[in-house]
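Here are a few exercises to work through with the model open beside you. Try each task yourself before you read its solution.

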Number of protein chains: 2
Amino acid sequence: MSFRMSVSPNVRKSPYFDATVADGVKSFAVYNHMYIPVDFGDPDAEYDRLLNGVAMWDVACERQVELAGPDAGMLAQYLTTRDLANAVPGQGMYAPLCDYDGHLINDPVLLKLSTSQYWLSIADSDIALWAKAIAAERGLNVSVTEPDVSPLAVQGPRAPDVMAELLGDWVRELKYFWFKETDLEGIRLLVVRSGWSKQGGFELFLRDGTRAIDLWNRVKAAGKRYAIGPGAPNDVERIESGLLSYGTDVDADTNPYEVGLGKYVDLEKTEGFIGQAALKKIKREGIRRRQVGLFLAGERVVPNAHPCPVLRHDEVVGMMSAAVFSPRLGRNIAIALIHAGIGNDALGLLVDCGDCRRAATITDLPFC
Amino acid sequence: MSFRMSVSPNVRKSPYFDATVADGVKSFAVYNHMYIPVDFGDPDAEYDRLLNGVAMWDVACERQVELAGPDAGMLAQYLTTRDLANAVPGQGMYAPLCDYDGHLINDPVLLKLSTSQYWLSIADSDIALWAKAIAAERGLNVSVTEPDVSPLAVQGPRAPDVMAELLGDWVRELKYFWFKETDLEGIRLLVVRSGWSKQGGFELFLRDGTRAIDLWNRVKAAGKRYAIGPGAPNDVERIESGLLSYGTDVDADTNPYEVGLGKYVDLEKTEGFIGQAALKKIKREGIRRRQVGLFLAGERVVPNAHPCPVLRHDEVVGMMSAAVFSPRLGRNIAIALIHAGIGNDALGLLVDCGDCRRAATITDLPFC
């Protein structure tokens, strides 16, 4: 099935939009009410660049929710399951957000810019509304806004070389998720050691959307000798690497323990946080589902367009969220949430892919 | 510019999805994290059906946020700018939602199912998160959920005939925005006199997604003698009719007074509501921008893909959100937010459409 994407003014364009069009983008998705490129017409080359070279991605749709003011730290602590007590300015942390029932509602990276300024670099849900409501109802002295910040990701093993060429060798020393404010000939940036792949890299958090095309072209020029090319968050690599996709792998009832994020839940945080009581109960009683990897039998799988039931003896025992063919493993791999009682050695599992049923075996994540 | 739409499992499929594919949908958009058809390949016929016949639209992406429990009424009152004191079960009301600064965050139709059950039939923002946060922080005894409800719109002057054929003549008596629960041979529905057009019609709020294809086919069969055909919320008709498009015509700072929704703000509501103080201040001080219609000169306009600045003497005096060619008027028409000081008789206005500048004149909404 192939459909035309409606490009209309109710969805925001990234400030890199025109640059990605010039570089040959072929398809888009919508994320945080903004268009995001999905492919540039050569998936094999895009995958190869990410694993063996360097790629640049327009991820401006990874919006920032800024908490600013005297109570920003208090609000940040209350919003996330992690204890931020020891976070220092310049540090980022993967910081899941739950609702009052302990269900995941987003999994941002939290950046501490100062003791009174934090950014939540969010997945696809309207966390600004959530945070605004909580701040106001608790009477906190903090403003919640979406600043003019547009991340451009540079990912892959040669990303440090490109970034060093563009910004200097100091970027090589940045620790994972840490960041530094800098200025590229007048273009204000936060340089973050981050990105939605396990191939290493950076995200340039551009602080002035009007400079986006300029920044895009500078990165492209700096990356030329490393054969940089355009790309997009890569479903194949993320599944191989076992990275969580909030919108894909998480349903309305998913808690962090089910999807391997238990280590980011600081249940005993003294300041308290949203979902704390519910998560204590879940932890005590044990989870009902768990996230696993699946190997799928049969010919090369076409990525699924919707979640698929996992069956055993014709009974639904889970849902497969995403399946791809892994070039590195030469096999079909997938991510699923299954009943916690089903062990890795379970036999007789089938995935109902709509047009066919495939035999499945469970494995631990990540695949690679 | 034409791009492929990425269909992937991080965006929900409507339960009518397969039916719209079978009926020839050509392009999609994403709304409330769900695919919505945009066109079926024949825009002139789709417009004509809506104005002169009857059309059926998959608007399952118009999600419901359910407030249920003893404090549901209290929460509903607090969330919306309208006074719901006189609303009765079976009644729907257009009910804008604002944040604490008086900025619009959604413009749902609120349905009162009972004194302890309300649905907000929402535009494209995550109001479930907003409402959950407020309910919990205020300690209200109410659950906030997204029920299994999938609206199917039947719109156009022949819609009453189709609905009467399907459900009986009683549907003709339903008042605008009122609704009734019914059962179509085992398919549970709310029949609502509503829809995002000014051509009249109904929305069938299907209460069991597994029956969607069945319902689609029954509506299609009942509409056959009226030449019913598929369609989608129609940008041309909605601009002619001056219907607000929340995602298009509203930016982060828009208040209800700017876009003609002042009559839905009950400033003196005794129970209080979010944004009340801010809206009193705005009302007192006067608005800085106002929504207007524009006629655009020049050849037939191509619908804009992004907001366009409105200029006077090379100064930006507003933003045009949406432009189309109106078949009924034989002219280019548009909707814009402009500085409040600029009168309808202003001369020398230009819209910067990117590739060209067009002379513009102001008119009141609606156009038709």
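**Exercise 1.** Which residues of β21(A) are on its covered face, and which are on the uncovered one?

*Solution.* A word on the ground rules: this is a predicted model, where local features need pLDDT of at least 70, side-chain atom pairs count only at pLDDT 80 or more, and totals for chains, interfaces and linings use all residues. Residues are numbered from 1 along each chain as its sequence is written, while chains are lettered from A and ligands numbered from 1 in the order in which they are written.

Step 1: find the strand. β21(A) covers residues 349–352. Strands (E, at least two residues) and helices (H or I, at least four) are DSSP runs, numbered from the N terminus.

Step 2: sort its residues. Leu349(A) and Val351(A) sit on the covered face, whereas Leu350(A) and Asp352(A) sit on the uncovered one.

**Exercise 2.** Work out how chain A is divided into domains.

*Solution.* Step 1: list the bounds, which come from an automatic or database domain assignment. Domain 1 takes 17–62 + 149–238, domain 2 takes 64–103 + 110–127 + 255–284, and domain 3 takes 288–368.

Step 1: get a distance. Taken over C-alpha atoms, the centres of domain 1 and domain 3 of chain A are separated by 31 Å.

**Exercise 3.** Is Leu215(A) buried or exposed?

*Solution.* Step 1: locate Leu215(A), which lies in α6(A), residues 212–222.

Step 1: count. Leu215(A) is buried because 22 other C-beta atoms lie within 10 Å. The cut-offs are 20 or more other C-beta atoms within 10 Å for buried, 12 or fewer for exposed, and partly exposed in between, with C-beta atoms placed from the backbone.

Step 2: Leaving aside neighbours within four places in sequence, Leu215(A) is in contact with Leu152(A), Ile187(A), Leu204(A) and Leu206(A). Contact here means C-beta atoms, placed from the backbone, within 7 Å. Leu152(A) is 63 residues from Leu215(A) along the chain, yet their C-alpha atoms are separated by 8.8 Å.

**Exercise 4.** Describe how α5(A), residues 159–167, packs on α6(A).

*Solution.* Two packed helices are described by the angle between their axes and the distance between the axes.

Step 1: read off both. The angle is about 115 degrees and the axes are 9 Å apart. Axes are lines fitted to C-alpha atoms, for helices over the stretch in contact, and angles run from 0 to 180 degrees between N-to-C directions.

Step 2: list the residues. Val162(A), Glu165(A) and Leu166(A) of α5(A) meet Arg218(A), Val219(A) and Ala222(A) of α6(A).

**Exercise 5.** How many residues of chain A are in contact with chain B?

*Solution.* Step 1: take the totals. 42 residues of chain A are in contact with 41 residues of chain B.

Step 1: find the main contributor. α4(A) gives the most to the side of chain A that touches chain B, with seven residues.

Step 2: β2(A) and β1(B), residues 4–5, pair in the parallel sense over two bridges. Phe28(A) has Met5(B) as its bridge partner.

Definitions and conventions: Pairing = 2+ DSSP bridges. Contact = placed C-beta atoms within 7 Å.
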